[in-house]
Amino acid sequence: MAFRPMVGLEVHAQLLTASKMFCSCPVAFGSNPNSNCCPVCTGMPGSLPVPNRKAVQFVIKTGLALGCKVSDYCRFYRKNYFYPDLAKNFQISQYDEPLTYEGHIDLAVNGEPFSIRVRRTHLEEDTGKNLHLSDGRSLVEYNRCGVPLMEVVTEPDFTSADQVREYLVQLRRLLRYLGVSTANMEEGAMRCEPTVNLVDEETGQATPIVEIKNLASFKAVHDAVSYEIDRQHWCLENDAEMQQETRRWNETEAKTTVMRTKESADDYMYFPEPDLVPLTPEREWVEEIAQSLPELPLVRERRFVEEYGLPQYDAEVLTEDKQVADYFEAVAATCGDPKSASNWVMGDFTHLLHESGQSPDTCKLRPEDLGKLIKLINDTTISSKIAKDIFPTLFEQGTDPQQLIEEQGLAQISDEDELSAIVDAAIEANPKAVADYQGGKEKALGAMVGYVMKETRGQANPGLVNQILREKLSE
Ligand SMILES: [Zn+2]
């Protein structure tokens with residue numbers, strides 16, 4: 001079959017600003033219904049919107065990170081439609097003059113590189129929410145009305161559901177890195193709508209474009225796109241009728257169903273918002289934002305592999321969260337042992353972080369102290385067993401590991417005379433093991449090493465104990 005899938009994506013992300021897009025109402029979740037509202041966000045006659053500078057900055061920042069150009073001049077438009085959750089009967093959005101445009105992102109699935117063009121990254125406001133009760137009543141909640149929303153639109157460059165999922169994973173990571181959105185799909189802070197059709201590149205023949213709504217997870221997006229590609233292939237093979245429409249993803253039945261035939265832009269009667277002046281971001285400001293961009297996650301991931309020699313898996317996990325990546329780098333810089341730093345950060349550290357509900361920036365243990373702990377293991381001051389034992393205390397109190405080890409007398413015993421005496425006792429107490437060992441059973445040594453460890457509360461230097469034991473037993 002000569003038809004190949006053409007998938008495009010629209011992603012909406014709620015921006016992490018303190019106030020709403022065009023008024024000073026707080027953006028806060030979990031507040032009482034309709035308590036974060038004012039005449040502006042509920043569209044009372046005579047109220048006037050004022051754009052949120054931070055939201056504009058966040059969209060420019062994201063656009064720049066996606067390689068987009070930033071408009072010198074662009075306007076807000078009114079998108080007109082009636083719906084109960086939209087008190088104004090129009091949504092302020094952007095139309096043919098987006099704030100940023102023409103970017104791209106390079107990705108890979110299973111080692112196969114692909115590039116996606118970003119058509120635009122623009123700014124709009126969120127709507128409220130309708131709640132339909134089981135008794136037939138409907139309630140409207142306006143707290144979300146006017147929350148700044150960024151829309152990232154790609155060209156229809158995806159050719160598979162796997163590519164779509166990879167893009168979403170990377171976009172979520174990017175938005176979190178930039179600190180512009182929580183990008184939590186479960187909480188509705190990131191929502192996406194794919195468009196799917198098939199095209200025969202030789203003849204230019206194409207199936208009508210279908211938009212899919214109601215997607216609440218990456219898995220749902222992947223499954224819905226994959227289903228829709230198959231459905232359109234089936235329609236082509238069976239000469240079934242197809243039309244431009246919006247379909248809804250039904251997760252339980254794992255299929256898309258018709259929601260409505262597609263409306264065109266004309267239906268919304270877009271026109272420039274008369275209450276707002278055009279946006280004209282100054283060049284110096286845009287340059288300042290560009291300078292403030294952090295190292296982007298994909299670039300950082302590659303650097304972790306090259307610079308620290310970490311396995312790809314470690315690099316991916318560590319760069320998932322900017323704070324974790326920063327923490328890791330500080331630990332590695334202190335101890336000079338990147339792989340151990342990676343193991344500790346991904347293992348015990350992350351475990352306690354999740355358990356205590358903290359973040360790398362709020363927890364008491366400073367990365368320099370974790371680095372010191374690793375150094376103490378590497379120079380055999382303490383065993384890794386002792387390090388693991390004291391780690392929860394270090395994490396909880398944020399103490400200097402050197403100090404804790406001295407206070408609790410946990411330093412590894414590497415004094416030969418001291419160990420020699422305990423080894424003598426171990427030999428004395430284990431006549432059978434001695435006989436077995438001398439009879440050729442190498443493993444019998446374990447019983448005597450165990451004895452020494454027990455006597456020293458795990459503090460004996462195991463390498464040294466082994467060495468002394470062997471010397472004594474071969475005498
Ligand atoms: Zn308001």
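An α-helix has 3.6 residues a turn, so residues three or four places apart point the same way.

Before going on, please keep in mind that this is a predicted model, in which local features need pLDDT of at least 70, side-chain atom pairs count only at pLDDT 80 or more, and totals for chains, interfaces and linings use all residues. Residues are numbered from 1 along each chain as its sequence is written.

Helices (H or I, at least four residues) and strands (E, at least two) are DSSP runs, numbered from the N terminus. Just after α5, G309 takes a positive phi of about 65°.

The largest nonpolar core has 67 residues, of which A13, V59, M150, V164 and V225 touch the most other members. Such a core is a set of buried Ala, Val, Leu, Ile, Met, Phe, Trp, Tyr and Cys residues joined through C-beta atoms within 7 Å. Its largest share, 9 residues, comes from α2. Leaving aside neighbours within four places in sequence, V164 is in contact (C-beta atoms, placed from the backbone, within 7 Å) with V7, L9, F158, P194, V221, H222 and V225. Apart from this core lies another, of 30 residues, among them F304, C335, A341 and F395.

Next, look for the open sheet: 9 strands in the order β2-β5-β6-β9-β1-β10-β11-β12-β13, with mixed pairing. Two strands pair if DSSP finds at least two bridges between them. At the edges are β2 (69-70) and β13 (255-261), each pairing on one side only. Further in, β10 and β11 pair in the antiparallel sense over 2 bridges, and T195 stands opposite E211 in β11.

Finally, step back to the whole chain. An automatic or database domain assignment gives domain 1 (8-194 + 264-284), domain 2 (295-408) and domain 3 (416-473). The C-alpha centres of domain 1 and domain 3 lie 68 Å apart.

Methods
Buried ≥ 20, exposed ≤ 12 C-beta atoms within 10 Å, placed from the backbone. Contact = placed C-beta atoms within 7 Å.
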